[in-house]
Amino acid sequence: MNLHVSADIWQPVRLTLELAALTTVILMLVGTPIAWWLARSKAWWKEAVAALVAIPLVLPPTVLGFYLLVALGPSGPGGALASLWGARTLAFTFPGLVIGSVLFSMPFVVQPIRNAFEAMGEKPMEAAATLRASPWRAFWTIAVPLASPGFLTGAILGFAHTVGEFGVVLMIGGNIPGKTKVLSVAIYDYVETSQWTEASVLALGMVVFSFVVILTMMLIEKKMTKSAS
Amino acid sequence: MSTVKVDFRGTLGRFGLDARFEVPARGVTAIFGPSGCGKTAVMRCIAGLNRLDGLCSVSGDVWQDEKTFRPVHQRPIGYVFQEANLFPHLSVRRNLMYGHPGRTEAGAIGFDEIVGLLGIARLLERSPRHLSGGERQRVAIGRALLSQPKLLLMDEPLSALDQMTKDEILPYLERLHAALVLPILYISHDIAEVERLADQLVLMRNGAVLASGPLSELQADLSLPLALSRDAAVSLDATVLKQDATDGMATLEVGGGSFLVPTEPLTLGTRRRLRVLADDVSLAVEAPSRSTIVNVLRARILEIRSQSDHRVTALLGLGEDGHGARLLSRVTQRSWNELGLQVGLPVYAQVKGVALVRREEPLA
């Protein structure tokens with residue numbers, strides 16, 4: 001076995017972290033209002049929206065990737081969007097990857113935040129309103145702090161899940177080094193080309209990373225149940 | 001024009017509500033009725049937390065009518081929930097300050113004043129998680145008051161507490177009532193609480209308002225369930241007339257008569273509230289000559305109601321002419337017949353027990 005690790009092993013790592021960080025930020029911004037609406041709305045069709053958000057949990061990533069490929073391609077809305085800055089398509093680009101990751105990791109962010117909002121109940125918001133707090137102020141000073149464990153869980157899961165995605169990336173990102181070649185694809189690639197050392201370094205890194213993520217989640221949960229009692 | 005005027009109609013869940021009343025916007029107005037009769041629903045509608053068709057105006061300020069519905073946070077209310085509902089992530093001090101406007105005008109309810117009044121100074125830096133039920137409820141009351149409300153809404157603030165804690169909080173509520181000129185709507189299903197705190201009463205049953213008006217009037221109204229209930233009583237606002245240091249008895253005057261009450265020393269001229277149970281008042285046609293009952297008052301029978309348990313509840317007017325304060329008396333049908341009692345007759349009301357139910361307060 002060749003013990004020399006190629007230097008460009010870090011390129012997919014950096015790209016993956018960039019993608020996961022950006023995706024997480026966008027998911028917090030987009031997912032929070034969705035989670036808030038799902039937690040508070042009394043619309044009968046809200047569970048249909050919830051199901052739509054949760055679909056990536058059960059859908060084969062290749063199916064999602066296929067539709068995204070069509071949507072992001074030159075004849076889809078993604079292509080129209082790309083033409084704004086003179087590009088032909090969003091497929092096989094980093095922005096396309098971000099869009100795919102946001103959709104794919106959405107349930108992992110929305111669900112914990114929604115649960116936290118629901119666990120909080122209506123009462124603290126009602127109390128805030130009777131104390132002259134506008135809905136906006138009550139949201140930031142009461143709902144967000146009370147739901148903070150949910151936000152933390154959502155962020156961690158969203159980040160980790162984006163780091164681990166493979167199928168969607170492969171479908172819409174391809175394998176362009178420095179642009180769309182993320183960790184999971186890189187590992188696959190190294191195995192294909194028999195670069196076992198690189199593959200095992202990345203694989204072991206992923207194992208450690210996943211362990212830390214799960215452990216952190218459990219500790220947060222433990223702290224949550226403690227402070228709730 | 002200074003009234004709380006309410007008229008709500010509609011259904012909340014499976015529950016029909018048709019509540020209309022108008023009470024003066026001063027003192028404590030108790031909304032009284034059995035559990036599940038719609039008291040909380042009415043209060044939530046006043047606060048704007050629930051929305052039913054109707055009308056709500058406070059001191060001429062329209063909060064809701066056909067065209068307007070002012071959102072909760074724009075209504076100058078304080079709301080004390082059954083469970084204190086403090087913000088668990090904020091300290092007691094920050095809970096108290098949450099609704100406190102940055103700058104306060106003259107006459108505003110001050111932080112130190114409220115903290116002193118409610119006895120919560122030593123709790124300020126604690127988390128609500130580490131407070132007892134009674135402490136929590138006191139903080140919740142303080143938090144509501146510091147938001148400078150024009151109307152304080154209290155939804156059974158004592159119902160989640162045990163008797164000991166209730167007895168610990170009631171004096172604070174009485175102090176509030178005496179110290180602040182703030183109209184309070186107070187929900188309760190406990191008549192003892194109502195008798196201690198309320199000036200006006202809104203009587204509810206099955207989502208509707210049976211009657212509303214001054215507490216003593218409704219208590220003495222034989223057409224209402226209150227006067228016929230097991231613990232029927234009247235509340236009398238009395239003035240301290242004399243204080244006898246040697247035997248520990250004070251003389252308190254009400255319209256048409258006066259009562260001797262055993263008590264700790266009272267300040268002359270102050271107002272106190274007396275409660276006399278209907279079961280504690282018996283009737284005599286002649287003045288009893290020797291008796292251990294110290295309170296024998298001349299009265300006239302104004303109205304009677306026979307009850308299914310062979311007893312008679314009589315409404316008495318104190319004084320020879322019967323124009324004084326009202327008392328209720330409950331006697332058996334048998335003694336009623338034997339004495340030949342009837343409406344219009346002058347009688348002697350023998351009052352076995354009189355309770356002082358409200359703390360001392362200066363004459364308004």
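Which residues does B:Tyr186 touch, not counting residues up to four places away in sequence?

**View 1. B:Tyr186 and its contacts**. B:Tyr186 touches B:Val28, B:Thr29, B:Ala30, B:Ile31, B:Met154, B:Leu197 and B:Ala198, leaving aside residues up to four places away in sequence. Two residues are in contact if their C-beta atoms, placed from the backbone, lie within 7 Å. The model is predicted: local features need pLDDT of at least 70, side-chain atom pairs count only at pLDDT 80 or more, and totals for chains, interfaces and linings use all residues. Residues are numbered from 1 along each chain as its sequence is written, while chains are lettered from A and ligands numbered from 1 in the order in which they are written.

**View 2. The largest nonpolar core**. This core has 152 residues. Those with the most contacts inside it are B:Ile31, B:Leu153, B:Tyr186, B:Leu327 and B:Leu328. Its largest share, twelve residues, comes from helix H5 (residues 94–120) of chain A. Domain 1 (3–219) and domain 2 (234–356) of chain B each give at least three residues. A nonpolar core is a set of buried Ala, Val, Leu, Ile, Met, Phe, Trp, Tyr and Cys residues joined through C-beta atoms within 7 Å. Buried means 20 or more other C-beta atoms within 10 Å of a residue's own; exposed means 12 or fewer; partly exposed is in between; C-beta atoms are placed from the backbone. Helices (H or I, at least four residues) and strands (E, at least two) are DSSP runs, numbered from the N terminus.

**View 3. Chain B against chain A**. Here 14 residues of chain B are in contact with 13 residues of chain A. The chain B side divides into eight nonpolar, five polar and one charged. Ala, Val, Leu, Ile, Met, Phe, Trp, Tyr, Cys and Pro count as nonpolar, Asp, Glu, Lys and Arg as charged, and the others, Gly among them, as polar.

**View 4. The two domains of chain B**. Domain 1 covers 3–219 and domain 2 covers 234–356; the bounds come from an automatic or database domain assignment. Their centres, taken over C-alpha atoms, are 34 Å apart. Four residues of domain 1 of chain B are in contact with five of domain 2. On the domain 1 side, the largest share, three residues, comes from helix H7 (residues 215–219) of chain B. That side has one nonpolar, two polar and one charged residues.

**View 5. Helix H4 of chain B**. The 14 residues of H4(B) (residues 133–146) should span 20 Å at 1.5 Å a residue. The expected span is 1.5 Å times one less than the number of residues. The end C-alpha atoms are 20 Å apart, which agrees. Of the 14 residues, 13 are buried. Just after H4(B), B:Gln148 takes a positive phi of about 55°.

**View 6. Loop residue B:Ser91**. B:Ser91 lies between strand S6 (77–80) and helix H2 (92–97) of chain B. B:Ser91 counts as partly exposed because it has 16 C-beta neighbours inside 10 Å. B:Ser91 and B:Leu124 are 33 residues apart along the chain, yet their C-alpha atoms are separated by 7.0 Å. B:Ser91 touches B:Glu125, B:Arg126 and B:Ser127, not counting residues up to four places away in sequence.

**View 7. A positive phi at A:Phe92**. Most residues other than glycine have a negative phi. A:Phe92 is not a glycine, but its phi is positive, about 60°. A:Phe92 is found in the loop between helix H4 (77–83) and H5 of chain A.
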